[in-house]
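Let's sit down with a structure and learn to read a few of its features together. Bring your questions as we go.

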Amino acid sequence: MYRCKECDKRFTYDNGHLTWYSHQPYDKWSMFIKSTLEHGSLLTNSALIDVSPSAAFRMRHELLSFLRLITEEKTIDKAVEIDEKVFMESHKGYCLPNVKGRKRQTPAAGGPYSHQFVSLICGADRENGSYIQAYSMGHPSLADAALFGKHINDNVFAWIDGQTCYPKMLDEKHCPFKILTDHKEYDSENHLNTVNSLHSRMAEWYRNYRGVATVYINRYAALFSIWQKYAGCDLQEIILKLIRQISEHIHYFFVRDIRDKDIFEDPTAIYERERMADHFVNSSDGSIGASTEYWTF
């Protein structure tokens, strides 16, 4: 801790960095990042660095919050394939009294673009990574496409499917594009194979976590983007690069920010937020509001 000679205020050397306001040293954070990239569960991570599962949960979301800062800087300046990946809405970790339970692998009513699904818009750069973000439940809208378009440079050639929300955004950015509605139209240059392959890897990624709560899906999308960007690299090299990038950002993340900052804000995904918040604190009888399944995010 340091004290300013002019204003007499005190501050720590890691103020605004990943280890700020954390009781865990740098070496434990390095081990935690390594385990997170290896799909380690919260119980595995907590045992690895000798902390409680709740502390591991807070550390994970603090890390994901910093990774979102890195992925938000991504802009696509090469040929891009745009398509969306849908996941069924999940309230994993808490129980909503007015939402009927559903058995595993039971299909949702209304098809893949109903309001029981969240759409992750994926822009797969054929040469340099991807950008992934969810903006709404169900079918992506023109407003969603406009927000996504902020991460695409002007005059970039794009391939899209039959979704009607993308052409307007691409026209405004003067991006030439080709619509591919059927696999029969594919050839060696005109195809959506890159983004479809990205979808397959993304589905496998979320399957390793046994599903992700919808309110946190964008944080995990940032983690997937980082993992995808450095695929094939040495793990220790990835950790060093991540720590270097994280150290370039000043970001303050508190425990209260777990459910308030950078979460998926669609109204159907935060149904009865007040009731959900009760599961993050102790109930009136002194027991933990959330079930033990909460710590398996």
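Predicted model: local features only at pLDDT ≥ 70, side-chain atom pairs only at ≥ 80, totals over all residues.

Q: How many disulfides does the structure hold?
A: The general idea is to look for two cysteine sulfur atoms within 2.5 Å of each other. Here there are zero disulfides. Take cysteine 4: the nearest cysteine sulfur belongs to cysteine 7 and is 3.5 Å away, so cysteine 4 is in no disulfide, given the 2.5 Å cut-off.

Q: Is cysteine 175 buried or exposed?
A: Relative accessible area under 20% counts as buried. Cysteine 175 has 3%, so it is buried. Cysteine 4, with 24%, is partly exposed.

Q: Which residues touch the most other members of the largest nonpolar core?
A: In soluble globular proteins, nonpolar side chains tend to be buried together. In this model, the largest nonpolar core has 57 residues, and Leu67, Leu120, Met202 and Tyr206 touch the most other members. Several elements each supply at least two residues, including helix H1 (26–37), strand E4 (117–125) and helix H8 (235–247). H3 gives the most, with nine residues. A second, separate core of 17 residues includes Val80 and Met169.

Q: What does leucine 120 touch?
A: Leaving out residues up to four places away in sequence, its partners include Phe87, Ile132, Met202, Tyr206 and Ile217.

Q: Where does aspartate 50 lie?
A: Aspartate 50 sits in the loop between H2 and H3. Although not a glycine, aspartate 50 has a positive phi, near 60 degrees. Its relative accessibility is 66%, so aspartate 50 counts as exposed.

Methods: Residues numbered from 1 in each chain as written. Heavy atoms only, no water. Buried < 20%, exposed > 50% of the residue type's maximum accessible area, 1.4 Å probe, protein only. Core = buried A, V, L, I, M, F, W, Y, C linked by side-chain atoms within 4.5 Å. Helix = DSSP H or I, 4+ residues; strand = E, 2+ residues; numbered from the N terminus. Contact = heavy atoms within 4.5 Å.
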